[in-house]
Amino acid sequence: MNDGNQNETTGERLRREWSVMTFYERFEQVVALLLSAVIAAIIVTSLLQLIQIVFTLLIIDAFNPLDHKVFQTVFGMIMTLLIAMEFKHSIVRVALRRDSIIQVKTVILIALIALARKFVILNPDASPGKVAALAGATLALGVTYWLLRERDDRTAKETLHDRS
């Protein structure tokens with residue numbers, strides 16, 4: 001990925017590529033870097049709040065992970081952080097010029113994590129229709145991801161076969 005130069009840092013590679021980028025590619029690069037910084041700040045703030053809440057629950061409220069509401073709160077916050085981190089990771093890939101645009105598969109995976117979070121924080125008295133709708137959305141996203149992955153695997157095999 002370093003065009004033969006194993007000692008080149010990411011910053012050096014970005015500076016070298018900046019001169020050959022179009023105006024829009026530069027704009028996209030700056031937006032990706034700014035979004036990455038904003039999301040990083042949100043992640044740090046959310047992590048500090050999560051630590052504070054868990055500490056409060058442990059010390060003051062005698063944390064009981066079997067209590068459904070406590071479980072929902074703590075793991076809902078953890079999964080929200082995971083979603084933000086995955087989203088940031090996908091933006092960083094664009095900023096580091098590893099991908100030219102946000103990948104559809106990554107967006108689908110983030111949506112699947114968000115749905116998994118919704119299942120975790122779902123109230124026990126949720127209507128069957130709501131559970132069925134969430135399950136249907138999860139199934140549709142899962143099938144879509146699987147189809148995209150199959151397509152990418154098939155394309156990779158064809159590319160490998162063409163090179164040999």
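Where is Thr80 found?

A: Thr80 is found in helix 3, residues 68-95. The model is predicted: local features need pLDDT of at least 70, side-chain atom pairs count only at pLDDT 80 or more, and totals for chains, interfaces and linings use all residues. Numbering starts from 1 along each chain as its sequence is written, and side-chain values use heavy atoms, with hydrogens and water left out.

Read along the sequence, the pattern is α-α-α-α-α.

Now Thr80 itself. Thr80 has 37% relative accessibility, so it counts as partly exposed. The cut-offs are under 20% relative accessible area for buried and over 50% for exposed, with partly exposed in between (1.4 Å probe, protein chains only). The C-alpha of Thr80 lies 7.6 Å from that of Ala114, although 34 residues separate the two along the chain.

Lys118 and Gly76 are 42 residues apart in sequence, but 7.9 Å apart in space, C-alpha to C-alpha. Lys118 sits in helix 4. Its relative accessible area is 31%, so Lys118 is partly exposed. Leaving aside residues up to four places away in sequence, Lys118 touches Lys130 and Leu134 (contact means heavy atoms within 4.5 Å).

Those contacts bring in the pairing of helix 4 with helix 5. Helix 4 covers residues 104-121 and helix 5 covers residues 128-163. Their axes come within 10 Å and cross at roughly 155 degrees. That makes helix 4 roughly antiparallel to helix 5 (angles run from 0 to 180 degrees; over 145 is roughly antiparallel).

Next, helix 2, which covers residues 23-59. Ser36 has its place there. Ser36 counts as buried, at 10% relative accessibility. Apart from residues up to four places away in sequence, Ser36 touches Lys88, Ile91 and Val92. Ile53 also lies in helix 2. Ile53 is partly exposed, with a relative accessible area of 31%. A C-alpha distance of 9.4 Å separates Ile53 from Thr73, 20 residues apart along the chain.

Last, the whole chain. Buried residues make up 21% of its 164 residues. Among contacts with a separation of 6 or more, 66% join residues 24 or more positions apart. The chain exposes about 11500 Å² (Shrake-Rupley method, 1.4 Å probe). Carbon and sulfur atoms supply 66% of that area.

How values were computed:
Helices (H or I, at least four residues) and strands (E, at least two) are DSSP runs, numbered from the N terminus. Angles under 35 degrees count as roughly parallel, over 145 as roughly antiparallel, 65 to 115 as roughly perpendicular and the rest as oblique.
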